[in-house]
Amino acid sequence: MSPRLEKITQQRLDKLEKLRNQAINPYPPRCQRSHTIAQALELFQSQEKAQATAETLHLAGRIMSHRRMGRATFADIRDGSGKIQVYFRQDNLGPDKYNLLQELDIGDFIGVGGPLFRTHTGEVTLKCSEFTLLAKSLEPLPEKWHGLVDAEKRYRQRYLDLISNPEVKARFETRSHIISAMRRFLDQRGFVEVETPVLLPVAAGATARPFKTYHHTLEQELYLRIATELYLKRLIIGGFDKVYEIGRIFRNEGISTHHNPEFTMLESYEAYVDYNAVMAMVEDMFCHIAREVSGQTKMPYAGKEIEFAPPWPRLSLREAVKSYSGIDFEDYPDEESLRQKMRESGIAVDEREGRGKLIDKLLSDFVEPRLFQPTFLLDYPVEMSPLAKRKPDDPRYVERFEAFVAGMEVANSFTELNDPLDQEARFTELEELTKRVGQRSEELDLERVDDDFLQAMRYGMPPTGGLGVGIDRLVMLLTDQQSIREVILFPQLKSKTEL
């Protein structure tokens, strides 16, 4: 802390002590509040129209500014709903009470009481007849509460970011509205929201490296979930026709503008439909949410405009990869031949990656960046999708789509594999791949075998359409943010000791 900040903090501690010496509790347990600031402003406007007498209101909030002019002081206070000016006058409060204003600082919380009036400049103001200190702030707000621009500090001390930058608070309120709109959309379609475990004996359901932990009572290693898929499918097997979960997912992977190790995902499963029905639902859902949030289907993003209204273009994955990378992966039926072709094309590859991961790299490097408007990529090779159902007319491919917007994958869907023998065979192939590369499965971005799920499948699962939606990325799109850290309240950061 700089000497200047140390001095300010000490001054505030001195004021705190002075208040306590006057038998004033700087942190009372409760306050009297009759209205939020937004409600008070709305009430005043209605009273003005009716030419009614202004009544005494009791408001509360944080002091954001104050201006003392002899026997009168103006201050702005803010609560969660808005900001209002407060007018303190010695004639109204009395000299002793008025002098207590000297012990207040920007950042303190106060309660105020009095009627509202409109100043000669037209600003609605509370004429204070009483005030109470609710919480003394011991640290100064950053540079007059609007100067917090350092990204690292904003993320690490998000509370200061929210105080200093009202647009950030508004963005996270929008995030809440987006999730609520998603829930309403699904609830209206008859889906049931459920909760599934976070601590799992097997980190299955996706191709990702998990976080590992240890349960001392069970004396067992457990993993934070990398997906909710396999437990939601168990519920389909158990008789639920439509289920969804919105929850945190944990993947031990890199951090970027599009990735955070813990993120929020929607997963939904609907019995008796395929990926075509899910595709139509995704278009409708995104369009519905955009309208709920902004009243329109066109949204600004990165200086351009995204149109969410359906129908979205549908492209074959194979044709898209071939068109943008120049490589037709069907000409290279095994991992070694495809790896060699990619090397010849100047693409760096990992010797441990199978054919599915190599195709995924072609997709990520060459196709995704070119998909700005909402677009579906359809029909993936079976190696990329061990939990998806094969296409009846070509078993080398599965019925899968991914939705891309602004170069980001935002949704992933399968016609779910419900043949237990086929599923077991695919898991066996994955185990063999793990043995080939000579590492434990949890150390690799591989699908892992969940024997209990295989057992559940043997009781029969109806045809099912599954869906995963990255909510953080959806929020990025609907709030025009290019970094995932701007839409996660507390993104993952290095500890201070490692900086």
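Okay, one definition before anything else: a residue is buried if its relative accessible area is under 20%, exposed if over 50%, and partly exposed in between, using a 1.4 Å probe and protein chains only. Take Y272, which counts as exposed because its relative accessible area is 58%.

What you have here is a predicted model, so local features need pLDDT of at least 70, side-chain atom pairs count only at pLDDT 80 or more, and totals for chains, interfaces and linings use all residues. Residues are numbered from 1 along each chain as its sequence is written, and side-chain values use heavy atoms, with hydrogens and water left out.

The protein chain has 499 residues, and 49% of them count as buried. Its C-alpha trace spans about 90 × 55 × 45 Å along the principal axes. There are 15 helices and 21 strands; these are DSSP runs numbered from the N terminus, with helices being H or I of at least four residues and strands E of at least two. Now contacts, meaning heavy atoms within 4.5 Å: among those between residues at least 6 apart in sequence, 65% join residues at least 24 apart.

Where does Y272 sit? It's in the loop between β13 (262-271) and α9. Y272 has a positive phi of about 75°, although it is not a glycine. A406 is another non-glycine with a positive phi, about 55°, and you'll find A406 in the loop between β19 (394-405) and β20 (408-415). A406, though, is buried, with a relative accessible area of 15%.

Next, the rings. The structure holds 7 aromatic pairs. For a pair, ring centres of Phe, Tyr or Trp (its six-membered ring) lie within 6.5 Å; planes under 30 degrees apart are stacked, over 60 edge-to-face, and the rest tilted. Why is the pair of F88 and F131 edge-to-face? Because the planes are at 90°, with the centres 5.7 Å apart. F88 belongs to strand β3 (residues 82-89) and F131 to strand β7 (residues 130-135), so this pair links parts of the chain 43 residues apart. Both are tucked away: F88 is buried at 2% relative accessible area, and F131 is buried at 4%.

Then there's W312 with F376, a stacked pair, 5.0 Å centre to centre and 25° between the planes. W312 is in the loop between β15 (304-307) and β16 (314-316), while F376 is in strand β17 (residues 375-381), 64 residues apart.

Last stop, two helices. Helix α7 (residues 166-188) and helix α9 (residues 275-294) have axes that come within 9 Å and cross at roughly 135°. Those axes are lines fitted to C-alpha atoms over the stretch in contact, with angles from 0 to 180 degrees between N-to-C directions. The two are therefore oblique; under 35 degrees would be roughly parallel, over 145 roughly antiparallel, 65 to 115 roughly perpendicular, and the rest is oblique. Which residues meet there? Among them are I178, M182 and F185 in α7, and M281, M285 and I289 in α9.
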